[in-house]
Amino acid sequence: MSFKRFRRQRLVAKTSPFWLRITLNGPRRLQSKFVYRSDESRKDSVEVDYYFFIPKQLGIDADHYPKTIFYRNLDSIVRRRAPHIALDKPQYLYNAITDAEKIIDNDRRLIETKLLSCAFHRYVQSTVRYLSHCEPKENETRCGAFSDEVDCFLRVFANSLKRLESQHSDTDGKRQFEELHSLREYCNLVAEKEAYQLLQSHFGQNPSNQNCLLLLVNRLHYDRINHGYRSIADTDGINEYFIYRFKGLRRFAEQPLNMTNLTAKVGEYRQQLIYGLAAGLAMTFATTIAFYTQQKYGDFSQAFFVALVVSYVFKDRLKELTRSYAHSNLMYRIGDYRTKLLRGGRGAVVGESRQSARFIAREKCESEVLDMAKRSRIGDMADYGLEHNIMHYKRKISVNNQFFRSGFLLQLPRQLVDINIFNIEKFLRNIVPSDDNIWAMGRLTPVKIRSQRVHHVILVVKMKNKTSSSLKSWCVVLGQRGIKRIVEREKEQAVDVLWQRSNDKVQYESLLVKQMEDYQNSASGDSFEALLQSGEIKQSNSSLAERVGDDSQD
């Protein structure tokens, strides 16, 4: 089989060190996956700012949505990225299997095999993403080469396990063989999942590619049956264990990439120190007023009594004002929580992340963020009078060289992955029922059509390090039951693509153009007026009157 003919064109490397993707993680959860490519310096840091522009109709503000609830609905993790294999060099995967087989230490061999499984997962994902954007008839041998690569990898993996099993027959060896077989099962499931994704793309609609992919998923299915793997999907069941096992296998394979995240509230001692300084400042003010009036008017004078009362009243107000300013400005810069990144369980500290959240006024928001939030919406009168509450969530991640150090067979890239999952269930509590029936003009008669009420939450993310920065924006369309879709808003967008039909592919403007074309085409044939004069739609008008009457009675 030939592997050199597969994908000779290599992907162009991105010049920006930032990569961010916002996806759905359930009907009511947003997931952001941020990848940062670090430079060769000893220490490096990156800041990611999330700006949520929330419509005021949803009732999400500092009073009804405090930061304690926000952090309770937030899950975050920082880890390293899987090894990268070039798309035109799949033989590196086969060589890594052979090299891992030669390792004597069982624990080291298991870790290397886990990293190999993660590298295979990333390689298959990159391949499917690349093929999804190819024309179906453009070099149809690519699909066959992809199928051969998956089969060859799993076959080499199985042969390596057989040789190891024949050499080690002790109890510890058998236990590790079960773990290695679990990793091979995970690779099988990953290949099957990505093959199904490729079948749904435009590339998979080609008959030749479709047959090739169907044969591949069929071989993968029976490969798990022949090896006795328990991840078998049941077409008549709900497959709870299938999903549960796949997630467990994924966590097991990605274990070498994870860092131990120890999160603690930051600034407690500083906060108490600032509060003490505020109390001292207030007491100094009250004491100064008391001494001054005592010296000038005497000990038991009326002026001294009034000065004592006024000074103590203003002392309390001054103390609360200083505490409020420190909490809203100084403590925000320090951060709410700090997460230590430990390598190897509770080993050396290789980095940390700080996070803070608060609602900010529009005047305190950066101008470029505001421009990014309203870009592509200019001229849309549907947004007239719409006001937002702005919630700012900030993350600062700092790592050192120990974070990227590795002595594995497959070199880990100098990239960190920051994953955040936002639960926005609280955003949906004030959304009114959205299913309404409205009247619209059909081809001949008015008809009732369905409509849905939605709200748009604009998400602007700013990424920056010491040398560069980047801005990206998304629109999260919320319905009563959850998130309907997420639309990435491009920099130069002439029309609003957020208002879409049920298939999420037809823009609002194209729908208007389509109706205009239908109207022009109907003008060349039997027009509505001609049909009305001929009496062909009298029955439709009577039925409409009956329907209107029924509605009025209801």
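Is Phe34 buried or exposed? Phe34 has 0% relative accessibility, so Phe34 counts as buried. This is a predicted model. The structure holds 16 aromatic pairs. In one of them, Phe34 and Tyr36 are stacked. In another, Phe70 and Phe422 are tilted.

**Phe34 and Tyr36**
- The ring centres of Phe34 and Tyr36 lie 6.5 Å apart.
- Their planes meet at 15 degrees, so the pair counts as stacked; the cut-off for stacking is under 30 degrees.
- Tyr36 is buried too, because its relative accessible area is 3% and buried means under 20%.

**Phe70 and Phe422**
- Phe70 and Phe422 pair at 6.3 Å centre to centre, with 35 degrees between the planes.
- Phe70 sits in helix α1 (residues 67-72), and Phe422 sits in strand β9 (residues 415-423).
- The pair therefore ties together parts that are 352 residues apart in sequence.
- Both Phe70 and Phe422 are buried.
- Phe70 and Phe422 belong to one aromatic cluster, with Tyr50, Phe52, Tyr71, Tyr337 and Tyr393.

**Asp336 and its contacts**
- Asp336 is in the loop between α9 (302-334) and β6 (337-342).
- Asp336 has a relative accessible area of 11%, so this residue is buried.
- The Asp336 side chain makes a polar contact with the side chain of Tyr71 at 2.7 Å. Tyr71 is one of the residues in the aromatic cluster.
- The Asp336 side chain also makes a polar contact with the side chain of Lys67, at 3.2 Å.

**A charge over a ring**
- Lys114 lies over the face of Phe252.
- The distance from the ring centre is 4.2 Å.

Notes. Residues are numbered from 1 along each chain as its sequence is written. This is a predicted model: local features need pLDDT of at least 70, side-chain atom pairs count only at pLDDT 80 or more; totals for chains, interfaces and linings use all residues. Side-chain values use heavy atoms; hydrogens and water are left out. Rings of Phe, Tyr and Trp (its six-membered ring) pair if their centres lie within 6.5 Å; planes under 30 degrees apart count as stacked, over 60 as edge-to-face and the rest as tilted. Buried means under 20% relative accessible area, exposed over 50%, partly exposed in between (1.4 Å probe, protein chains only). Helices (H or I, at least four residues) and strands (E, at least two) are DSSP runs, numbered from the N terminus. A charge sits over a ring if NZ of Lys or CZ of Arg is within 6 Å of the ring centre and within 35 degrees of the ring normal. A polar contact is a pair of N or O atoms within 3.5 Å; within protein, one must be able to donate a hydrogen and the other to accept it, and residues adjacent in sequence count only if both atoms are side-chain atoms.
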